Amino acid sequence: MAEADPVIFIGGLGRSGSMLLERLLGELPGVAPLGEVAHLWRHGVQAGEPCGCGQPFERCPFWRKVGARGFGQWRESQIGWLRRLCVRVDRTRRIPAYALGFVSREAELVEYVRSYTRIYAAAAEIADAHTVVDSSRHASLAYCLSAIMDLRIVHLVRDPRAVAASRCGKARRRKPRLPEDGRPTTRPTTRQETRWTPVRTAVDWLVQNLAFEFLRGKGVDVVRVRYEDLLARPAETLDALTTRLGLPHATESFAFLGDRQARIGVAHTVAGNPLRFGVGRIGFRDRPVELPATHRWLVTALTWPLLLLYGYRLGVLTPRRRASASRVRRPHIIDGASSSKPARVHVPHTDEVEDPPCHRHPGRPALRRISHHQR
């Protein structure tokens with residue numbers, strides 16, 4: 001079976017906008033977004049979690065055809081075999097050996113990568129697409145795939161202080177919307193994502209991003225994009241990225257993009273955050289979460305070399321002056337580098353002040369919110 005050519009792999013950390021970028025790329029003609037293929041067997045085949053179309057994985061027509069084309073059919077018995085291969089070859093601790101060119105367990109690596117190429121090729125054929133997008137993110141998987149197949153990697157980076165703030169909170173996976181007849185289309189899920197400490201996030205951010213830098217040094221096609229640029233100027237950033245990747249597109253291809261919003265259709269994405277269920281007009285903006293000053297300084301101290309390389313400021317921003325957008329100029333993407341730096345955006349602070357007693361509850365003051373601009 002011929003491999004899908006090219007395959008675009010979105011790499012980086014979680015909470016960095018990989019699903020948003022994949023959904024935007026998936027709106028281009030001939031591009032099929034697949035979600036996080038690394039979790040397809042566990043979340044899709046085994047757990048039966050829903051496809052991005054809202055149907056349970058085993059009932060989604062698209063994935064049923066992909067399974068039939070690539071493997072005859074999806075079998076849970078294959079999960080244990082693939083998991084053993086993953087433990088043997090797809091581990092972060094093996095990245096240094098891959099970076100130095102020491103590829104051991106080659107037969108197992110070939111078999112492991114073949115399970116991905118079958119999915120990519122079958123999905124491209126069923127979707128009638130010339131390009132598929134995998135947002136699995138993990139650097140170790142990118143090393144495995146690039147050692148065997150032709151791969152184009154989009155290295156998506158986000159300010160580690162924003163990632164740390166986002167990872168400190170809990171996030172519950174959202175259930176897909178019910179169809180018009182009101183019958184549920186998937187099994188209920190209450191799984192929560194793990195909370196990360198700021199130190200763990202900073203170390204993970206540094207290790208994963210360094211791994212993609214070494215991969216670029218090995219001659220693999222790696223393009224770096226900043227999450228902040230994607231939010232501030234989505235059309236320009238996407239135009240520069242598709243040009244760098246060599247994807248065929250025209251000016252009208254970005255008609256689905258507006259001012260920090262986009263109109264997207266149904267996508268057959270497996271695993272990933274709730275944005276994969278989004279249909280219609282969606283808005284996207286940075287919603288920073290406050291991180292204690294000591295944690296911000298700690299994350300900055302641990303990651304400052306790559307912060308400077310990626311164009312971020314070392315100064316720790318207070319909640320009133322968060323770096324949630326970049327300066328308004330075209331992003332400069334050369335070998336993945338972006339030259340624009342994030343600008344400080346003032347967020348009006350609000351306080352609660354007392355009004356005269358509430359007419360509904362005598363004796364109790366009513367509260368209202370005012371901004372500093374109203375004082």
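Author: Buried means under 20% relative accessible area, exposed over 50%, and partly exposed in between, with a 1.4 Å probe and protein chains only. Trp-41 and Trp-74 are both buried. The model is predicted: local features need pLDDT of at least 70, side-chain atom pairs count only at pLDDT 80 or more, and totals for chains, interfaces and linings use all residues. Residues are numbered from 1 along each chain as its sequence is written, and side-chain values use heavy atoms, leaving out hydrogens and water.

Reader: What makes Trp-41 and Trp-74 an edge-to-face pair?

Author: Rings of Phe, Tyr and Trp (its six-membered ring) pair if their centres lie within 6.5 Å; planes under 30 degrees apart count as stacked, over 60 as edge-to-face and the rest as tilted. The centres of Trp-41 and Trp-74 are 5.1 Å apart and the planes are at 80°, so the pair is edge-to-face.

Reader: Why is the pair of Tyr-112 and Tyr-116 called edge-to-face?

Author: Their ring centres are 5.4 Å apart and their planes lie at 70°, so the pair is edge-to-face.

Reader: Why does Tyr-112 count as buried?

Author: Tyr-112 counts as buried because its relative accessibility is 4%. Tyr-116, at 6%, also counts as buried.
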